[in-house]
Amino acid sequence: MLSFGAGGTVIRKFFAALFILFSVCGSANLVFALGRSDRSLSDADRLIEDGRLNQALKYLEAYAADNPGDFDKVQKRVNRIFKLRAEYKNLAEELIRTIQEEPLNDQKKLALISKLENYEKEPTPAEQAFIRETKYAAQFTYYRAMFDIIMADGVKLNEQSQFAAAVKRLSEGFVLYKKEFYEDFAGTELLDKVDSFLGSLDRAVSDYTDMQSELDSVFKKFNGALSAFDVRASLEAYEEVEAVLQNYAQIRNTCAEAGLQFRLIFDELRKNNPELTDASFLPFAYRFLLGRESNPATGIVWVFDTRWDSLCSESRSLIGSLIEKLSSEIAAGLPDRHALEGPVAGSLPSSLLRDTAAVGSMGASFIGLYALLEHPGRSISSDFYDAYNTALNYNKILVADTLRLYEETESFNAEKGNIEKLSSPSIQGLSTNQGLVSYSNSLISYSQRKFSGAQSAHEREVFLRNTHRGLPLASGEADAPNIPWESLYKALEKELSLFVSEQKAEGIRAWESLSAFVARSSNILKERYGSLYEEYGILLNDDKESSAPSYPDKALESFTKLKADLTQDLSALAVRFSWLDGAPDIPVRKEPGSPLFAEYYARIASDTAFLKSLSLSIDERNKTAQKNILAARQAKNEADFRYEQARTALQRENFNASREALQSARIKYNEFLRYQEDAVVRRETDAKLDALGLEIVRLENRKVVQDVRLLITEARSLYYTGDFELAERLIIQAEGRWAVTNVEPNVEVTNLKVMIGNALSIRTGRSIPVTDPLYPEMSQTLNAAYQYFEQGRALLKSGKRAEGLEVLNAAREKIKDIQVLYPLNQEANILTLRTAQLADPAGFGELFRQRYNNALRDYRNLATVNRAYADLKDLYEINPSYPGLKKRIYDIEVELGIIVPPPTPQQLARSKQLVREAARLFESSSRNELALNSALTKLDEALSLNPQNTEATVLIDRIKTGMGGQSLVVLTADKELLYQQAVQELAKGNTITAAALVADLWKDPKLRNSAKVIDLKRKVDSLL
């Protein structure tokens, strides 16, 4: 946009230069030639009139050359052109002054620009640019101001109900930017389309103005008829209302469609030219039509919709009042339905119902006219539309339900009389139920119809109530009564409620009659079978938890006959009782429910349930007896098979398989005794299973002793070579292997395990295992420290002491990173010492001595013994010849139990003596367990004095092999049952009960050698 401040003088000089140029072009010595021979001065005059002055000068030059005799005439026209040029110059100077002195007077600027454009149709490019930019700036400000003024005028006129004037005033805004738009799009299809819409808008505005008197007249007539509650006149007047509103909607939709199309066209133009702004014809035009987005209460469509709503709102209210009056008359005309005995359809005037329905349909049609408003305006409330339409539909439902209720009442009374004539059949013939089905079907069908009718009426009642409560108009809209159709709703709701209760009562009465009849037949069968069932039940103990004996074969015979007798009698009763199962839960059983039906039903249900339960119990007793007989036989066969498996496995020295098979045999023999008591089988199986278990332990123990000796020997060898981890794994394996056949621990294994544990404890943290998550990172750090150490040593050797010490300090920092996490790490600690030795050879001796003395002091402290031992080992790596260091390490390792010192001559002699004493005990009392245990004690002492005493180890193995092991493989039947009960109680969380059962087991010394009993006792004790 141009600026007209201090630059105004420049522009004035620019135009002065332009007019000097024009003066030169207008001199008598014209230099232009057009090359025509048929020219006339009238053509020049037309060019001057059209404002094409440059072309006129060119034309006159050529004419003068061809017609020198007409020079005066030519000069006259040239003077006229100069005069117009002078006037053009004056207008231009006035425009410049206006820009400088009245910058906000856009209306004056536009008027001057219009005159300039009329004086000269083809100005120079500089003039065109100046005029175009000045015109654009003035138009933008002026048209925007005019837009706001016209919009404000439209709103004001609309608020004053001057609707036609408001539409006309808003339509005057269509001239803004119109001229420029037509010039820009001249000769295009787009302009033709827009021009067509503008023509339609002109006609729409004109038609709207013309129809105002008709609108007022038609609605005055319609509202007058509604106010007078004249149904016929209202229906006739509505036809005119409908016709005029249809025409109104068409005019309004024309404007709305034009606005939408203008907006669509503009949006499409802006896609192709993103720099296009709203300061143009189409955006102004569609906003005059559709209104501002920031202010819904603007625009021609808004005026149309406001006028529409002002016309229709009163009619909506009056229609509602008329329907309310008619509905109140229907409610007042409803008779007391309890007094009705005959047909009731004619109780109300049919004309009243017809009139109400007709007015309701008219109301629905009237509100439906809102749907004619395409592209709905923002003044129309769709919420009210829905609410009003809902209220009309609700009234239609009320009227229809009123007539339906009385038609159903007539049918109800007729059916009730017929059912009362139905007599109940005789109680005879119950076993075959002859003659009873027809009676039952009649009562059930009748009750179903009554309940169905009650449900239907109730649903209509609930629907009416919920719809009434949920009506939006019930909140107090001005267009309708606060509670629409209240009188008719209350009257109909009351009648429906009474009708629902009557139908429910009839349905319940039918079920009471049927249940009373069935109850009389159910008590005959109840007392016949109970005593027989109890009598036969004592023969069969089907409680698996009980220790009482069971005889399933005798019980099976007795129950079979009882079942056959009961089945026939129960079948007939089941058919009769099944009729009552069809009684609906509501309202027969509850809400409100029939106490009489409930009493009869409970009596029949109790009798039937008793007999059915008894029949099922008989079936279960028979099945249990058969199952127990079969299970006992199968368990006995399985037990015998497992026993033979155990013997065969033992012969193959497959001790584990033999143990498992023997335990399975114990379990299966106990299972047989639980199903079928047999004292002989109980006694014989206890004896043979126990004997086989002892043989398994005796034979396997020889193998166990051999295996454990090998594991001890190998673990001891690994220990002496320093492979403590593998030694520990082997000694743990020996410990487990020994426990297979022995209860007491192996002293050799225990002592060696302690030694290995001490060694592992003292070596903890000396190295970083590859399984450690930080192993990769620590390895890299240690490698870096080594590299720094080597670099520092090389620098010191080459005489670069400062640089060497700096690199050694870097090595120390890396070592510290490792020692923070692994303070006992051997590699890091040794590298620390070597670094210190390299950095300060003279002072290292004193450092070495201090570290040595500190370690000697700290190893006496349990908390620092590991640290002290590690320091001594590290110092030994630096200087193994340091006086007393090697001897001190050895003494500490002996003291800590890491190594065993060689036995002294006295210890060797004592060890041999103990072996000789043990040998004499073994040879003299090889079957005396106390003597053998004493011999083992002596041998354990001999090995503690001299671990390399092979005579002691050989004799130990001979004695332990001969003792045959201590573990108990299998329990007796009674003890196994007691053990299983303890396991079950523990699983249930009954720890006290389980502990009591385990205590009973523990009283038997033999059971203290059972691995599973020992394990169970440990579990129980840990929970107490």
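Modeller: Helix α36 covers residues 991-1002, and at 1.5 Å a residue its 12 residues should span 16 Å, which agrees with the 16 Å between its end C-alpha atoms. The expected span here is 1.5 Å times one less than the number of residues, and helices are DSSP runs of H or I with at least four residues, numbered from the N terminus. This is a predicted model, in which local features need pLDDT of at least 70 and side-chain atom pairs count only at pLDDT 80 or more, whereas totals for chains, interfaces and linings use all residues. Residues are numbered from 1 along each chain as its sequence is written, and side-chain values use heavy atoms, with hydrogens and water left out.

Within α36, the buried residues are T991, A994, A995, L997, V998 and L1001. Because they cover an arc of only 165° around the axis, they lie on the same side of α36; the arc is that of the directions from the helix axis to the C-beta atoms. Buried means under 20% relative accessible area, exposed means over 50%, and partly exposed is in between, using a 1.4 Å probe and protein chains only. The buried residues of α36 pack against α35 (973-987) and α37 (1011-1023), where contact means heavy atoms within 4.5 Å.

A salt bridge is a side-chain nitrogen of Lys or Arg within 4 Å of a carboxyl oxygen of Asp or Glu. K1017 and D1021 are 4 residues apart in helix α37, about one turn of the helix. An α-helix has 3.6 residues a turn, so residues three or four places apart point the same way. K1017 is partly exposed, at 23% relative accessible area, and D1021 is partly exposed too, at 39%.

The whole structure contains 51 salt bridges, and helix α23 (residues 679-720) takes part in two that can be described here. In one, R698 pairs with E695, the closest N and O atoms being 2.6 Å apart; because these two are 3 residues apart in α23, about one helical turn separates them. In the other, R737 pairs with D707, with 3.0 Å between the closest N and O atoms, and this pair links distant parts of the chain, since R737 is in helix α24 (residues 724-738) and D707 is in α23, 30 residues apart. R737 is partly exposed at 21%, whereas D707, at 18%, counts as buried. Elsewhere, D153, K168, R169 and E172 are linked in a network of salt bridges.

Two further buried side chains deserve a look. F284, in helix α12 (residues 281-290), counts as buried at 5% relative accessibility. Leaving aside neighbours within four places in sequence, F284 contacts Y143, R144, F147, L176, Y177, D278 and A279. R465, in helix α16 (residues 437-470), is likewise buried, at 17% relative accessibility. The side chain of R465 makes a polar contact with that of E461, at 2.6 Å; a polar contact is a pair of N or O atoms within 3.5 Å, where within protein one must be able to donate a hydrogen and the other to accept it, and residues adjacent in sequence count only if both atoms are side-chain atoms. Not counting residues up to four places away in sequence, R465 touches Y489 and E493.
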